[in-house]
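Thank you all for coming.

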Amino acid sequence: MIGLVAALSLALPQVDIPQLPPITRDPQVTFVDRSGTVIGVRGGRYEPPVDIAKLPPYVPAAFVAIEDKRFYEHQGFDLAGIARAVLTDIGEGHPTQGASTITQQLAKNLFLTSDRTIERKGTELIYAVELEQTYTKPQILGLYLSRVYFGAGAYGIDAAAGRYFNTTPAKLTIREAAMLAALMKSPTDYNPIENPERSAERTRLVLDAMVETSAITPAQRAKALASEPRVWKSAPDAASQYFVDWVDAQFKAMGPPKVDLVVETTLDARDEATADAAAKATIDRFAHDDVEQAALVSLDPVGRVRAMVGGADYARSSYNRAVDAHRQAGSSWKPFVYLTALESGLTPDSPVVDQPVTIDGWSPHDFEPEFLGPITLQEALAKSINTVAASVADEVGRPKVAATARRLGIATQISTDPAMALGTSLVTPLEMAQAYDAFSNGGNRVQPWAIERIRTVYSGRVIWTHPAPTTQPSIGNPALGELNQMLRQVLVSGTGVRAAFPGYDLAGKTGTTSDFRDAWFCGFTGGTTTVVWMGRDDNAPMRGITGGTAPAEFWKAYMKVALKRTPPTPIPPGPPAPPPPPPAAPPIGSPPGATNSAAPAGAT
């Protein structure tokens, strides 16, 4: 065995042990929610070195037991392991075994490639010796545990404990620690999510090795084997990753970080979890109707994003439908039509007629085949009557409707053809939430935002703070109050009754597009505006899904839980209506009681 090691050393360049390359890591950015809960990490892949002293002794012991039993005895390499590996390689005719100690694995991770060559192995051994001469055993083990890959995108034990068990390394159980150590042989083959049986088999071997090395007792091993840890199939913070990606892009636009930073965001992790659960449950419930995707945006009165769901499963698709998917708005567009009409002088009680209508050769049709005849403007919106919306938009002017939508925050291109009144323009859920927020906050246009503060990790120095939120008055009274009166009725007797629940001042509008390709519910109460969309990525039709079915139930499932954490707040009335102008003064020299009215034509 000694001769084999000597032969290996002769094959290497006869030079002094080189100085270690610097151990570096790109700056890391940690995103936290409004209460400080970590919701995502971007930037530098690896964690800071783990402080072994702060872990239960059995956690590092699990890795030592299965990966390198003589870790605390050798000086960087294991002679017996090297001899065994060389003999195996000679027998196979090519390199097959690594026999790497934890220190060698760390050397490869820090400085080398994964090439299986004698030369690379020799360089690894030299660096391992240098590591042992430079660092203590706890430091080496801490560096190793901070950088090793555990599968499922988790680098380092902190990320792995959070990914698989939604916990921290300091709170890992013996069974959980053994399961993570089992992943070292192959993060794919022994992944407890994808291969639970192989994971359990390998975990048993780790526990056996821990008993053999006296890291645990046989009784602790038996207790660990009897336990059944919960393994999270999706990362506990998976739903937040749509939001984190969106915020990370905004953060990067500020310039690359030079140190580790914490980005404090507006997100509420509890609301986010509620939204994600509501999305998944609703999709499952309506899957037989070909519903495949969902998106949600929830804003507070000044535009803070409290929750954002970009899709059904981030692990399967990171495409953020809440921000990037441009879909037809359907009837959720109609409040822009009716707001324009109210600002032009109509009222909720203005008489209109549901009857056949043709505008520039185009004839809209309602969801129901029968025409209702004479109704009020309020009833037309509550029941989402297409013929009336098209006629009203044509009467007040479709360019004016487009200008109203622009004023409230719709930034994408708006069509002004006759069908625009029915929501043929493409919009994003984020845009619609921005626009509807003005209905819920007293008539003020907002700009959605997500970053509260940015601070350094180690000193806590604040390097950026969001300016005090500003709003722009965009809707006055009486139009705002009249529109909200009409939108309340949608949930009382209209297409949105499935979204209603007691105890809150609720208003909103459903939206459904041709052939059931898109379905929306956009609603609000005082303090919270939430917009949901449901559909399919391939734009294929769903089976009869309207805004008043699956989206209304999705919206209600989210809002009922999210609103429990805040006191019920009525929808604010907005600014008072301006007083009517005083009558014009009579001309100078007119007799008492005379007015400034023009005389009828032909009068003398």
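Let me begin with a term: a residue is called buried when its relative accessible area is under 20%, exposed when it is over 50%, and partly exposed in between, using a 1.4 Å probe and protein chains only. This is a predicted model, in which local features need pLDDT of at least 70 and side-chain atom pairs count only at pLDDT 80 or more, while totals for chains, interfaces and linings use all residues. Residues are numbered from 1 along each chain as its sequence is written, and side-chain values use heavy atoms, with hydrogens and water left out.

With that cut-off in mind, F501 counts as buried because its relative accessibility is 9%, and W555 counts as buried because its value is 0%. Aromatic rings of Phe, Tyr and Trp (its six-membered ring) pair if their centres lie within 6.5 Å, and planes under 30 degrees apart count as stacked, over 60 as edge-to-face, and the rest as tilted. In the whole structure, a search finds 17 aromatic pairs. One of them is F336 with Y436, an edge-to-face pair with 6.4 Å from centre to centre and 65 degrees between the planes. Since F336 belongs to helix α13 and Y436 to helix α17, the pair ties together parts that are 100 residues apart in sequence; helices here are DSSP runs of H or I with at least four residues, strands are runs of E with at least two, and both are numbered from the N terminus. Both F336 and Y436 are buried. Coming back to F501 and W555, their ring centres are 6.5 Å apart and their planes stand at 45 degrees, so this pair is tilted. F501 sits in the loop between α18 and β14, whereas W555 is in helix α19, 54 residues apart.

Let me turn to the sheet. Five strands form an open, mixed sheet in the order β2-β1-β3-β11-β12, where two strands pair if DSSP finds at least two bridges between them. Because β2 and β12 stand at the edges, each with a single partner strand, one side of each is left without a neighbour in the sheet. Within the sheet, β1 and β3 run parallel and are joined by four bridges, and T30 stands opposite V262 in β3.

Finally, which residues of α11 are buried? They include Y242, F243, W246 and F251.
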